[in-house]
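Subject: Structure for you to look at

Hello,

Here is the structure I said I would pass on. Please open it and keep it beside this message while you read.

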Amino acid sequence: MNNKASESRHCSMLSAYLCEVLACEGVVVLQTFQDVNHMVIFGFGFLLTFLKRYGFSSTGFNLLIIVLGVQCSVLIEDLLVLLLQRDYEDGLKRITKAAVSMTAVVISTGAVLGKTNPVQLILMAVVEIIAFHMSRLINTTFLQVLDNISMMHVHLFGAYFGLAVSSHFSEPSPRTEKNASTPKSDLLSMLGTLFLWVFWPSFNSVLLVEDKTKAIYNTYFALAVSAVTAFVLSLLTAKDGKFRMTDIHSAVLAGGVTVGHAAHIIEYPWIAMILGLLASGIAVLGSYCLQRCLHPALKIHDTSGIHFTFGLPGVLGALAQVVLLVLKDWTNSPRLDYLVMIPIGAFCLTISVALITGFITGLIVNLKLFKTIPVSKYFEDQFYWEFPHLAVGF
């Protein structure tokens with residue numbers, strides 16, 4: 001028995017050592033790929049099920065565009081490798097990067113959730129994944145941004161691409177009952193939030209070659225503080241002194257989004273905690289200001305609130321990265337202006353490409369060719385899915 005226990009202990013130690021060696025060599029381990037895959041499929045799939053009559057479409061269409069988009073992303077990467085004569089990466093790393101890239105598409109669909117048909121979603125996904133790869137290519141080639149940093153722009157790109165597309169869709173009537181949730185749909189959405197919360201540290205560290213451990217615990221601290229802040233602010237801003245599920249959905253993930261750009265360079269946990277606090281505050285308070293002031297003025301209907309869940313925390317994270325880089329290297333860098341302008345230029349470029357391509361995509365998907373859904377059919381599963389229990393004689 002002692003020999004077996006000793007052998008088992010040695011095997012687990014060897015397995016941990018091999019995983020650490022592979023991580024140091026930049027090889028994506030199967031476990032980290034599974035974490036990202038669970039995030040994209042389960043996390044975002046359930047996160048978007050808060051509409052009471054759109055659960056089938058939220059999860060089903062999410063799976064459809066992800067599996068299609070991953071294939072497109074891998075093909076685009078192979079094409080770029082061929083054209084630019086780069087070295088082929090490990091196969092598992094390529095598919096992991098493709099899954100991470102699909103986060104942008106899933107975030108964007110949240111802005112137009114319930115207002116698009118499957119053909120429009122597929123076209124939107126293909127165009128967005130091409131545009132995101134082009135944005136990353138410009139950042140990594142001309143601005144010399146690190147590959148993992150350019151990939152963390154995925155939240156910014158997805159949020160502002162989705163908002164630009166959403167600007168071309170008619171706003172639903174404020175009196176419609178379908179644009180609402182039920183306790184059951186909110187519970188499923190909260191399940192998706194929990195999936196994302198648990199796996200977000202792996203997401204922020206999956207492409208890092210060095211400082212993986214630092215990125216993981218900084219992300220965890222930021223997520224933990226943003227979750228606590230979300231509950232506190234939800235209670236303080238409620239008139240009846242009760243928690244609101246919408247605040248929890250939007251704010252508990254904000255810390256993970258914000259530290260994604262700089263999780264590997266944050267030296268002290270309290271910095272990550274402060275970023276998580278600020279991100280959660282922006283998400284909760286921004287939901288009030290944006291939905292009541294800015295979005296109506298711009299005639300943008302953001303179904304899932306991606307602007308204050310992913311967009312604004314992403315901007316905060318990009319700015320925090322600049323500040324942290326300056327504080328870390330201002331004594332060693334001969335050109336402080338170069339140190340500041342490159343990351344600022346990178347995320348401004350990302351937002352600009354997202355807005356421009358999103359606006360064009362919105363024009364295209366609203367052509368009569370794609371049979372735009374009438375406003376009366378928004379947020380309705382029965383428009384696409386078969387419901388045998390509603391058939392006559394069932």
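The largest cavity has a lining of 13 residues, and those nearest its centre are Ser57, Phe61, Thr109, Leu113 and Leu121. Please bear in mind that this is a predicted model. Helix H3 (residues 55-84) gives the largest share of that lining, 5 residues. Sorted by class, the lining of the largest cavity holds 7 nonpolar and 6 polar residues, with no charged ones. The space inside the largest cavity is about 90 Å³.

In total, the structure has 2 cavities of 30 Å³ or more. The second largest cavity holds about 60 Å³ of space. Among the residues that line it are Asn148, Met152, Phe203, Asn204, Gly260 and His264. This lining has 7 nonpolar and 4 polar residues, and again no charged residues.

The other finding is a pair of packed helices. Two packed helices are described by the angle between their axes and the distance between the axes. For helix H7 (residues 154-166) and helix H13 (residues 306-329), the angle is about 135° and the axes are 8 Å apart. H7 is therefore oblique to H13. Their crossing is left-handed. On the H7 side, the contact includes His155, Leu156, Tyr160 and Leu163. On the H13 side, the contact includes Ile306, His307, Phe310 and Val315. By class, the contact of H7 with H13 is made up of 9 nonpolar and 6 polar residues, and no charged residues take part.

Regards

Methods:
Residues numbered from 1 in each chain as written. Predicted model: local features only at pLDDT ≥ 70, side-chain atom pairs only at ≥ 80, totals over all residues. Heavy atoms only, no water. Axes fitted to C-alpha atoms, helices over the stretch in contact; angles between N-to-C directions. Helix = DSSP H or I, 4+ residues; strand = E, 2+ residues; numbered from the N terminus. Parallel < 35°, antiparallel > 145°, perpendicular 65-115°, else oblique. Left-handed = near helix turned anticlockwise from the far one by under 90°. Contact = heavy atoms within 4.5 Å. Nonpolar A, V, L, I, M, F, W, Y, C, P; charged D, E, K, R; others polar. 1 Å grid on protein atoms, 1.4 Å probe; cavity = no way out; pocket = protein on both sides within 12 Å on 5 of 7 lines; lining within 4 Å. Points joined across faces, edges and corners; volume = space filled by probe spheres on them.
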